[in-house]
Amino acid sequence: MKLVKLLAISATAMAIAGAAHAADTVKVGMIAELSGPGAPSGTNWRDGTRLATEEINADGGILGKQVEVSEFDTQTDPQTSRALVQKAIDDGAYAIWGTVYSGSTMVNMLVAQQNSVPQFVGSEAPAIVQKGNPFVFRTSSGAQKGIPDLTSYFKRTLDAKTVGIAWVNNEFGKGGHDVFAAQMEKLGIKVVADVASEQGQTDYAADVSKLKEAAPAAIFVYMNQEESARFLIEAKKQGLTMPLIGEVTLTEAKVVELAGDAAEGAIAHVGLTASATSVPGIAEFVTKFEAKFNRHPTHDAIKGYIGAWATKYVTEMVGKFDGEAFSNVMHGLCLDAKSYPHMLLDTCWDEHGEMSRPSFMVQVTGGKAEVIGIVNSN
Amino acid sequence: MSQFLQVMLSGLATGSIYALVAIGFTLIWQSAKTVNFAQGEFVMLPAFFVLVCTKVLALPLWLALIVALAVTVVVLGVLFKKLVVEPILPSGGIPLTIATMALAIFLKESVKEFYGAEAQPFPPLFPSQTLNVFGAVISLQDICNLVVALAIVVVLTLFLNRTRTGRCMQAAAQNPAVAEILGINVRRMVLYAFLINGALAALASFLITPVYLAKFSNGEVLGLIAFIAAIVGGFNQIRGALAGGLLIGVLDNLTATYVTAEYRAALPLVLLIVVILVRPQGLLGTSEGRAV
């Protein structure tokens with residue numbers, strides 16, 4: 001009988017302790033591509049959120065509650081990502097951070113929407129904010145905003161009459177390809193080679209050879225990181241001489257590391273870059289990230305960091321953990337870097353969850369992406 | 001013309017590396033009568049041995065390559081035979097084939113666990129310059145890859161056909177019982193086949209990883225294509241594996257350039273089906289009878 005009493009008391013104590021712990025924490029689901037072709041993006045995104053979570057908790061958490069993050073690996077598989085978003089929400093997640101790959105986000109954002117859970121994503125496919133989902137928010141501009149900034153470079157700086165497009169045939173690549181092709185048509189620049197490749201493709205000999213044969217004035221490269229690196233390696237191998245210009249990924253630190261010398265001279269328009277150290281917030285972020293993870297961050301790490309901090313800032317504006325109210329405040333919101341330093345740059349979200357902020361033109365020089373120009377937000 | 005030459009050369013260079021891996025399939029088939037489904041991972045792993053040597057042990061590249069080659073021969077040759085093949089082979093070919101599938105998963109996940117899921121840069125073995133040949137600009141790296149891979153195949157063929165040990169290996173593969181009666185140490189010959197397979201895997205790894213980048217999942221595609229190359233060329237002939245590898249490498253590039261890039265991944269499978277229907281023993285293979 002004593003034993004039964006003891007067990008009952010222990011169980012009650014544990015339940016109370018568990019409830020007290022739950023009351024002191026707020027759960028967030030971090031769902032990213034930690035393995036598979038998207039691993040370079042996903043692991044950086046995760047590490048950005050880890051750094052932010054540490055800082056947020058050290059700063060008193062969100063509304064006084066410590067942030068408890070559950071990390072999930074999508075294996076770069078859209079269906080797995082959908083199941084994991086559901087699992088995180090079933091476990092009580094107040095917000096979702098991720099995914100990065102657009103193909104996954106397109107599938108899993110419906111789950112967050114159905115549950116009125118705010119979701120910060122690293123994806124850049126235009127379609128993500130065109131589906132009328134009020135709970136999805138970008139952490140960098142979509143291709144339909146970023147690529148028009150880039151296209152003037154082809155017209156004004158390069159004075160190109162012809163271009164080639166090398167793109168990866170997934171949701172991310174297709175979105176960027178369509179926007180770029182439409183922009184080229186508008187500017188009267190002829191697309192003389194349009195070369196699609198597959199996600200995870202390893203051999204780019206045929207792709208590069210087709211572009212080389214078409215001899216455009218410049219080539220727009222729109223692929224994920226590993227594919228970009230393999231493309232650059234093959235381009236150097238075959239002696240491709242025309243400028244290689246990308247949006248976001250082409251000059252990323254991981255791409256430069258993987259491609260080595262082959263990345264030299266590559267140019268890209270980037271919404272965020274760790275090389276923009278003239279921006280104080282980014283310089284500080286890079287220092288902290290390097291100290292913690294012993295490597296240079298990519299733009300995905302900055303995106304994860306911003307997504308996590310935006311969750312704190314906006315929740316505290318709302319004053320309660322309410323997904324609907326969060327969503328209402330987010331639409332049309334601007335967070336300036338002076339009042340909200342962890343946003344790093346002045347950032348606004350429109351009524352669709354699309355974001356605007358200043359962006360950069362960068363070029364790989366001496367193994368590093370250097371900022372060669374700043375583009376104002378559009 | 002320039003494009004055709006470059007595409008052919010790239011196809012031959014990649015195909016010759018597929019051939020090295022495919023030859024490994026035929027060697028293991030002939031010596032252990034099993035299909036090594038970890039063959040792709042055998043090619044993935046040596047690149048990481050090189051990275052450990054260069055990054056952790058700070059060895060120069062040339063020494064790292066030698067050390068990695070030696071480690072590969074020991075781990076994927078001797079240990080594979082002693083720890084996986086010998087204990088399971090008495091139970092039959094199918095359990096051993098399944099064991100190699102498990103080994104493939106084990107190797108892949110181990111590399112992912114210890115080295116991470118991200119791709120790693122791998123230093124090129126040859127200069128990435130271009131040559132002007134009759135007005136066509138072609139890659140020096142591709143030429144070097146092709147020459148080295150073909151040289152390895154030629155040396156291996158000469159070893160198997162022109163040396164006493166090589167002929168003993170062939171005898172042991174064709175009829176182990178008779179070879180034993182003739183005084184050949186069959187167990188040693190089988191061990192040699194595993195050692196050669198390990199060395200081929202390492203060399204293929206060193207040649208292909210500068211382009212593919214070092215990644216835990218590299219073996220999946222490589223293993224599948226090389227397996228198909230071995231079947232297409234003839235599973236029981238080294239020259240068949242060579243022909244199969246080159247054929248797939250060239251056809252893949254020609255299809256992607258002149259027909260469609262979208263279905264290039266399907267090409268080896270289509271080729272496999274056609275060969276199995278028309279010439280099941282492979283293009284250069286010989287028919288083998290088996291009692292059931």
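Biologist: How many residues of chain B are in contact with chain A, and how many of chain A with chain B?

Modeller: Taking contact as heavy atoms within 4.5 Å, 31 residues of chain B are in contact with 32 residues of chain A. This is a predicted model, in which local features need pLDDT of at least 70 and side-chain atom pairs count only at pLDDT 80 or more, while totals for chains, interfaces and linings use all residues. Residues are numbered from 1 along each chain as its sequence is written, chains are lettered from A and ligands numbered from 1 in the order in which they are written, and side-chain values use heavy atoms, with hydrogens and water left out.

Biologist: What area is buried between chain B and chain A?

Modeller: Buried area is the accessible area (1.4 Å probe) that two parts lose on being put together, summed over both, and here it is about 2,600 Å², with carbon and sulfur atoms giving 49%. Gln3(B), Glu118(B) and Val211(B) supply 21% of what chain B buries against chain A, more than any other three residues.

Biologist: How many salt bridges are counted between chain B and chain A?

Modeller: Side chains of opposite charge can pair when their charged atoms come close. With a salt bridge defined as a side-chain nitrogen of Lys or Arg within 4 Å of a carboxyl oxygen of Asp or Glu, the count between the two chains is four; one of them joins Lys237(A) to Asp142(B), at 2.7 Å from N to O.

Biologist: Which element of chain B gives the most to the side that touches chain A?

Modeller: Helices (H or I, at least four residues) and strands (E, at least two) are DSSP runs numbered from the N terminus, and helix 1 of chain B gives the most, with five residues.

Biologist: Where in the sequence do Arg138(A) and Glu354(A), which form a salt bridge, lie?

Modeller: The closest N and O atoms of Arg138(A) and Glu354(A) are 2.9 Å apart. Arg138(A) lies in strand 5 (residues 136-138) of chain A and Glu354(A) in the loop between strand 12 (347-349) and strand 13 (355-356), so this pair ties together parts that are 216 residues apart in sequence. Over all chains, the search finds 29 salt bridges.

Biologist: Which backbone value stands out at Leu63(A), and which peptide bond is cis?

Modeller: Most residues other than glycine have a negative phi, and most peptide bonds are trans. Leu63(A), however, has a positive phi near 50 degrees, and is placed in the loop between helix 2 (39-58) and strand 2 (66-73) of chain A. The cis bond runs from Gly98(A) to Thr99(A), with omega near 10 degrees, and Thr99(A) is found in the loop between strand 3 (95-97) and helix 4 (102-114) of chain A.
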